[in-house]
Amino acid sequence: MEKYRIEREFIKKPVPKYALEISGYYYKRFPIKSLTQEEAKEEMNIIERYLNNFVYIVRNSKNTLGVTHKIERTDNRITVYTVYNKPVITFWIEEEKEDE
């Protein structure tokens, strides 16, 4: 049976504070390993909901990531873009390779 894992990568350098906070929420879990395809998709749904509702502070104002940034979802990838359409952080489902 095929196993999958969820990975993440920071694209924008330097990494914005809110991206580090998002990653900090999941830091013990990444990479999320040995999931079935259905479990991996459910985990991506959880990550997408978390990103849409994530609240961060900039200059004494609270902003919701799902409102201020574009969150793009495909079948196996979620990417967060800035207002200027630059990618910040990406989460994706990757197939685990078996060591033989």
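A residue is called buried under 20% relative accessible area, exposed over 50% and partly exposed in between, using a 1.4 Å probe and protein chains only. By that rule Phe-54, with a relative accessible area of 8%, is buried. The model is predicted, so local features need pLDDT of at least 70 and side-chain atom pairs count only at pLDDT 80 or more, while totals for chains, interfaces and linings use all residues. Residues are numbered from 1 along each chain as its sequence is written, and side-chain values use heavy atoms, leaving out hydrogens and water.

**Nonpolar core**
- A nonpolar core is a set of buried Ala, Val, Leu, Ile, Met, Phe, Trp, Tyr and Cys residues joined through side-chain atoms within 4.5 Å.
- The largest such core has 22 residues, of which Tyr-18, Leu-51, Leu-65 and Phe-91 touch the most other members.
- Among the elements giving two or more residues to this core are helix H1 (17-26) and helix H2 (37-53); helices (H or I, at least four residues) and strands (E, at least two) are DSSP runs numbered from the N terminus.

**Aromatic pairs**
- Rings of Phe, Tyr and Trp (its six-membered ring) pair if their centres lie within 6.5 Å; planes under 30 degrees apart count as stacked, over 60 as edge-to-face and the rest as tilted.
- This rule gives two aromatic pairs.
- Tyr-18 and Tyr-56 form a tilted pair, 4.9 Å centre to centre with 35 degrees between the planes.
- Because Tyr-18 lies in helix H1 and Tyr-56 in strand S3 (residues 55-58), this pair ties together parts 38 residues apart in sequence.
- Tyr-18 counts as buried at 11% relative accessibility, as does Tyr-56 at 7%.
- Tyr-50 and Phe-54 form a tilted pair, with 5.7 Å between centres and 55 degrees between planes.
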